[in-house]
Amino acid sequence: MIDWMKYRYLYFSISSIVIIAGLFGLFQWGLNLGVDFKGGTIAEYKFSKSISTESISGNINKDIIDVNSIQETGKNTYLFRLPPLSSDQRQKVKEILLGIDDKAEELRFETVGPSIGPELVKKTIFALLISAGGILFWVAYQFKSIKFGVSAVLAMFHDSLVLIGLFSLLGHFFGAEVDFLFVTALLTILSFSVHDTIVVYDRIRETQKKTGEDLVDITNHALTQTMVRSLNNSMTIVFMLIALVLLGGTTIKWFAVALLIGTVSGTYSSPFVAVPILITWDQLEKKYKK
Amino acid sequence: MNPLKKVFLIIVITLIAGYISLPHIVPIKVNYKGLKIDTGIVRPNLNLVGGKFKIEKNFDLVLGLDLAGGSHLVFEADLSKLSAEKKKTAIESLRDNMEKRVNLFGISEPNVLVSSFEGKERVIVELPGVKDAKQAIDIIGKTAELTFAEITDEEKGGIRITDLTGADLKQASVAFDQKTGKPSVSIEFTDDGAKKFTDLTEKNVSKPLPILLDGVPISSPIVQEKIIGGRAQITGNFTTEEAKNLSIQLNAGALPVPVRLVEERTVGATLGVESVNRSVKAGLVGLLMVLIFMILSYGRMGLIADLALIVFGLLTLALYKIIPIVLTLPGIAGFLLSVGMAVDSNILIFERFKEEIKRRDFPNALEVSFGRAWDSIRDANIATLVTAFVLANPLDFNFLHTSGPVRGFALTLALGIVISLFTGVVVSRNLLRVLITEVKK
């Protein structure tokens with residue numbers, strides 16, 4: 001049997017390195033907030049020929065409003081990032097684009113006022129707290145121990161931190177934006193994380209009933225028995241998500257990336273964060289009681 | 001019921017689900033060595049009539065705005081000038097008038113909802129398939145309060161607003177000036193309004209009568225004589241479109257409070273079609289990888305899991321159509337994710353089986369694995385359902401997200417989990433009992 005728990009400080013170190021790198025990114029560059037959070041306009045247009053982004057940007061800047069960026073998203077398809085546009089400004093932008101190419105087509109147009117962002121943050125925090133509370137309650141109830149519940153929730157927050165931190169780095173280096181879908185991903189990975197954790201816990205519970213072994217031995221058993229399942233199950237999710245990242249199109253690419261990070265981190269955090277916390281807590285508790 | 005009968009039942013359910021999952025028209029295109037077939041099989045819709053009962057169902061996938069194309073608009077109402085009790089009625093009539101305008105604009109299946117968060121009152125307007133979002137916004141979002149004024153002091157240009165307003169209108173329509181051919185809006189007053197109008201014109205013969213829209217004069221015709229009959233024409237400097245918009249607004253009624261657009265998401269139909277195609281491609285590639293992976297990892301049992309996964313896919317699609325679930329792009333992602341998660345129960349069971357087979361004979365090991373794995377499958381999936389519940393927010397709590405795409409994602413994910421419990425446990429268990437244990441004997 002593999003003595004997984006022997007290396008628990010190694011796991012804590014790996015987690016710390018990833019989280020610290022993420023926190024460094026957060027403090028250094030923050031998150032690359034999309035229009036959902038800071039307000040603004042994104043508009044995607046398809047042209048019948050390739051265009052010069054500089055001249056278009058110059059035209060719009062001169063007459064209407066400063067273009068934040070123009071990014072090519074596909075063949076002759078360009079994504080414009082602009083400050084929030086009024087109805088008239090929007091019409092003018094459209095006229096300029098039609099002037100360049102009369103077959104220009106508006107694929108999508110999103111404009112969000114500045115008041116939406118803070119609400120989104122509040123609602124997300126509420127949702128996070130309710131989900132975490134619900135899961136904490138469920139796990140603590142099912143396993144009749146607050147230790148199980150708290151360590152599962154801590155592993156969940158570990159995954160959230162990893163995702164937020166890595167997105168700060170991805171945002172800085174690859175332009176990944178934090179938007180509505182990111183929030184959805186953030187909440188979804190909570191369930192990934194706890195899903196795997198519960199499977200391991202369940203094994204611990206089952207073995208506990210049968211043998212009166214030490215918790216460390218029991219968890220080592222449980223981890224050995226569930227490791228292949230955790231990996232295999234993550235593989236099938238990873239397959240679906242990689243297909244989405246590569247083939248799914250620009251709108252949900254980063255959403256799929258966020259879910260992918262969550263899947264990997266969630267798989268890692270069950271045996272290597274939740275369980276070590278549980279063990280450490282248990283040992284500390286015993287030490288204090290003595 | 002013995003396993004054989006159960007498997008038969010599963011096959012029947014799968015066939016029904018598979019039939020419902022088919023698109024309405026199944027295209028058949030063959031182009032091979034001069035042989036050219038380009039036709040389609042039409043899947044008939046359900047149409048049952050039995051006495052009083054009538055069941056009609058067309059089993060088409062309902063696509064959300066981001067896939068079918070359309071506009072999602074959020075207007076925020078300015079209620080600062082209203083007292084608390086008036087706010088509620090104002091919001092209701094705001095919603096009603098906006099909905100009337102949308103209907104008059106001619107959008108099919110619009111959705112107009114009220115949402116409030118921390119004292120901010122909003123109206124969400126969803127317009128599937130709208131071609132010109134800007135025009136829609138202009139029509140829906142403008143207060144369009146029509147007022148008639150009279151000149152009190154001709155030299156200084158002083159005016160007095162009268163009590164004749166847009167609320168006194170019976171009907172408005174677009175008309176064209178007989179002489180100039182320019183578009184104008186012809187209006188008809190209610191009986192009460194007609195009386196006010198007669199009095200007003202009588203008092204102001206040979207004086208201008210300014211007509212104001214949202215406080216801005218749009219026309220100021222000179223009254224020739226007293227007008228009886230309650231009909232008038234507003235000849236502003238309109239384009240045909242503007243005249244049409246104004247008549248829609250007047251017919252629906254002015255908005256009780258001013259609103260402003262705080263959010264717009266418009267997706268063109270082309271992008272929607274592209275998103276669907278890309279997602280289908282990604283889904284098929286991902287599915288294929290999962291199917292191969294399961295066979296490579298678990299051999300014959302993996303094949304059974306694959307069968308169960310296909311049953312899962314067909315059942316899920318059929319349920320999307322039956323319920324129906326509005327499918328959005330994140331919703332499709334939720335579905336694909338649930339495909340990846342659906343084999344989880346099988347993996348759990350098969351891993352357990354690898355241990356149990358060392359101790360027991362084949363059928364026994366199979367039953368024990370299913371029994372033991374069930375606890376963790378149940379507990380783990382309930383935890384996932386908790387987060388899906390918070391995301392879907394079915395009780396419409398204002399402090400949680402109420403956005404369509406997020407809900408779409410949560411709904412498909414939750415439905416996927418529930419169905420995967422059935423296919424992963426019941427379906428694969430019975431398939432295994434019949435197909436594999438029989439061979440062993």
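This is a predicted model: local features need pLDDT of at least 70, side-chain atom pairs count only at pLDDT 80 or more; totals for chains, interfaces and linings use all residues.

Trainee: Okay. How many helices and strands does chain A have?
Mentor: Chain A has nine helices and four strands. Going along from the N terminus, the elements read α-α-β-α-β-β-α-β-α-α-α-α-α.

Trainee: And is chain A spread out or compact?
Mentor: Chain A is more spread out than a compact globule, because its radius of gyration is 24 Å, well over the 19 Å that the globule rule gives for 290 residues. Its C-alpha trace spans about 80 × 35 × 30 Å along the principal axes.

Trainee: What about chain B, how many helices and strands there?
Mentor: Chain B has 11 helices and 17 strands. With 441 residues, the globule rule gives 22 Å, but the radius of gyration of chain B is 32 Å, well over that, so chain B is also more spread out than a compact globule. The span of its C-alpha trace along the principal axes is about 105 × 65 × 45 Å.

Trainee: Let's look at helices. At what angle do α1 and α6 of chain A cross?
Mentor: Roughly 50°, and the axes of α1(A), residues 8-29, and α6(A), residues 146-174, come within 8 Å. That angle makes α1(A) oblique to α6(A).

Trainee: Left-handed or right-handed?
Mentor: The crossing of α1(A) and α6(A) is left-handed. On the α1(A) side the contact includes S15(A), G22(A) and W29(A), and on the α6(A) side you'll find H158(A), G165(A) and H172(A) among others.

Trainee: What classes of residue are in that contact?
Mentor: The contact of α1(A) with α6(A) has 11 nonpolar and seven polar residues, with no charged ones.

Trainee: Switching to sheets. What's the strand order in the four-strand one in chain B?
Mentor: The order is β10-β9-β13-β14 in chain B, and this open sheet has antiparallel pairing.

Trainee: Which strands stand at its edges?
Mentor: β10(B), residues 158-165, and β14(B), residues 216-219. Each has a single partner strand, so one side of each is left without a neighbour in the sheet. Neighbouring strands here are turned by 45° against each other on average, ignoring direction.

Trainee: How many bridges join β13 to β14 in chain B?
Mentor: Three bridges join β13(B) to β14(B), and the two run antiparallel. Within that pair, L213(B) stands opposite V216(B).

Trainee: Which helix packs on that sheet?
Mentor: Helix α5(B), residues 191-203, which touches β9(B) and β10(B). The direction of α5(B) makes about 155° with that of β10(B).

Trainee: And the sheet of three strands in chain B, what's its order?
Mentor: That open sheet runs β11-β12-β15 in chain B, with antiparallel pairing. β11(B) and β15(B) are the edge strands, each with a single partner, so each has one side without a neighbour in the sheet. The twist averages 25° from one strand to the next.

Trainee: How many bridges are there between β11(B) and β12(B)?
Mentor: Seven bridges join β11(B) to β12(B). In β12(B), S186(B) is the bridge partner of S173(B). Helix α6(B), residues 240-252, packs on this sheet and touches β11(B) and β12(B), with its direction making about 170° with that of β11(B).

Trainee: Now the two chains together. How many residues does each put into the contact?
Mentor: Chain B puts in 58 residues and chain A puts in 56. On the side of chain B that touches chain A, the largest share comes from α7(B), with 14 residues. By class, that side of chain B has 32 nonpolar, 13 polar and 13 charged residues.

Trainee: Which strand of chain B does β4 of chain A join?
Mentor: β4(A), residues 105-112, is joined to β16(B) by five bridges, and they run antiparallel. The partner of F109(A) in β16(B) is T266(B).

Trainee: Last one: how far apart are the axes of α9(A) and α8(B)?
Mentor: They are 11 Å apart, and the helices pack at an angle of about 35°. α9(A) passes α8(B) in a right-handed crossing. Residues in the contact include F255(A) and L259(A) of α9(A), with A333(B) and L337(B) of α8(B). The contact of α9(A) with α8(B) has eight nonpolar residues, one polar and no charged ones.

Key: Residues are numbered from 1 along each chain as its sequence is written. Chains are lettered from A and ligands numbered from 1 in the order in which they are written. Axes are lines fitted to C-alpha atoms, for helices over the stretch in contact, and angles run from 0 to 180 degrees between N-to-C directions. Angles under 35 degrees count as roughly parallel, over 145 as roughly antiparallel, 65 to 115 as roughly perpendicular and the rest as oblique. A crossing is left-handed if the near helix is turned anticlockwise from the far one by less than a right angle, and right-handed if clockwise. Two residues are in contact if their C-beta atoms, placed from the backbone, lie within 7 Å. Ala, Val, Leu, Ile, Met, Phe, Trp, Tyr, Cys and Pro count as nonpolar, Asp, Glu, Lys and Arg as charged, and the others, Gly among them, as polar. Two strands pair if DSSP finds at least two bridges between them. The radius of gyration is taken over C-alpha atoms; the globule rule is 2.2 Å times the number of residues to the power 0.38.
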